[in-house]
Amino acid sequence: MSRTGTFRLMLAAALVLVLGGIATTAFALRKTAAERTDASATGAPAATVSPSPAKPAFTGWSDPELVGKPYGTKVQGLLTFRGNPTRTYYGQGPVPRSMPVHKWQFPKTGGLCRMSEDKGKTTQWCGNGWTGQPAVFEKDGRTWVVFGAYDGAIHFLDAATGERIIPDFPTGDIIKGTVTMDPDGYPLLYSGSRDNYYRVIALDRGKPTELWKLSANAVSPVMWNDDWDGSGLIIDDYLFEGGENSQFHIVKLNRGYDANGKVTVNPKLVFNTPGWDAQLLKDFGDSNVSIENSVAIYKDTVYFANSGGLVQGWDISGLKAGKTPTRVFRFWTGDDTDATIVIDEAGFLYVGSEYEKGNARSKQVGQMLKLDPSKPDNPIVWAVKDQGSKPAGIWGTPALFKDIAIFDTTGGDVMGLDRATGAVRWKFHVPGNETWQSPVVVDDTLFIGDCSGIMHAYDVKDTNAQPKLLWELKIGGCIESTPAVWKGAMYFGTRAGAIHSLSVS
């Protein structure tokens, strides 16, 4: 064949391929269009989906999305009692299921003890107790364990060794509550003491240094005493704190740094209010209306209760604009309510109340409560009673885990309650004269200490099943202090006088 003939055959073949490709593409396009039409007709999802609109950023005080999560991102750790503004964060694993090793105790010998007067009687107090949870956090390449104790001092320990990192900070009396570390990265610690003062302490000066203190008598009127058991919350440069002077306080901190790079504060008390009202004093018939729990904040409302059983919510939405907070929720349990209020994702309150007076109101209402503050006239969602003796009821702060709320009674019963209905899913008993520790759940493991000096660990992964005992370890001394669990270790104190570290990894 000639070159011309060969060329013509090659050109014809190329045209066939091109035209065939065009035809195939056209058929594919027609088929895709038909498939889209069929998908529309049958309700099947379209091939492409428009992106959902971005969720607007939360602009209030305490984001509901952070329930159960750490207290901010700038400092890693457990920075306040129960970990965050809704009191729903208990620590970080891993928490394997084997028997732990006792790593260290502080002090190695002797005890953290001091004589202290309470209700006119002077006795010796040792170690730490209710609430007593240490703060555990990462700083300067190491893990710190910081706590106040019944020797009247704040201690700063290396989590790995139990040795002091910086000197103790002494106060004039015992320290019962949990310290709060600044969540925004300022080298500041916040703590109260039975010596009448709530303090702001700097940690960037070689030794802890007091920058400011608030007297329990700085406001008026006051009622009951001058202790500070509650663990303060710091949000957007404001400190929120209740006192046993029975007042609730808000302080603008005005944090900053000086020319030498040292942290500074210039606090101003911007709001305070009595935690009681005339109706409470009339109904309760007692002046013991101190605020011993730690305030909790959800969206734009701060919640707390007092020893007279008054549960309150205060609207702080206009605080930064100079608007005075107003009370938007009031509920009376009838009896001493020292356990901290816990708040879930939907804004429901979980309240534990004691049973000491045994009056008609506390008998009617019960001791383990779920409240809906959006229904102030009838807020009880469910209630469970613990009235088998006096005293009875709840001292420890409840824990939320999956679809249950875990309460422990002073009589030693530990219960998992259905969060929706209040039904008792499971129940077990721990020994000892009283159980005041707040239950802690990390990695599907429940930790609870008792007053016979035993720390227990239970598998609670299946919230419908009876918890399975994983291990128990005799420490000695009543365990009232709520444990801090952080990265394979646990830290807590006992009334025998020492702070203990267990390796649970």
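Mentor: Tyr298 stands opposite Thr301 in β21. This is a predicted model, in which local features need pLDDT of at least 70 and side-chain atom pairs count only at pLDDT 80 or more, while totals for chains, interfaces and linings use all residues. Residues are numbered from 1 along each chain as its sequence is written, and side-chain values use heavy atoms, with hydrogens and water left out.

Trainee: Over how many bridges do β20 and β21 pair?

Mentor: Strands are DSSP runs of E with at least two residues, numbered from the N terminus. Two of them pair if DSSP finds at least two bridges between them. Strand β21 covers residues 301–304, and its antiparallel pairing with β20 runs over three bridges.

Trainee: Which strands are the edges of the open sheet?

Mentor: The sheet is antiparallel and has four strands in the order β20-β21-β22-β23. Each edge strand pairs on one side only; the edges are β20 (296–298) and β23 (326–332).

Trainee: What is omega for the peptide bond between Gly93 and Pro94?

Mentor: Most peptide bonds are trans. Pro94 lies in the loop between β2 (91–92) and β3 (101–106). The bond that joins Gly93 and Pro94 is cis, with omega about 15 degrees.

Trainee: What is omega for the bond from Lys390 to Pro391?

Mentor: Pro391 is in the loop between β28 (380–384) and β29 (392–393). The bond from Lys390 to Pro391 is cis, and its omega is near 5 degrees.

Trainee: Is Asp237 buried or exposed?

Mentor: Asp237 sits in the loop between β14 (233–235) and β15 (238–242), and its phi is positive, near 75 degrees. Buried means under 20% relative accessible area, exposed over 50%, and partly exposed in between (1.4 Å probe, protein chains only). The relative accessible area of Asp237 is 12%, so Asp237 is buried.

Trainee: How does Asp443 count by relative accessibility?

Mentor: Asp443 is in the loop between β34 (440–442) and β35 (445–449). Asp443 is not a glycine, yet has a positive phi of about 55 degrees. Its relative accessibility is 39%, so Asp443 counts as partly exposed.
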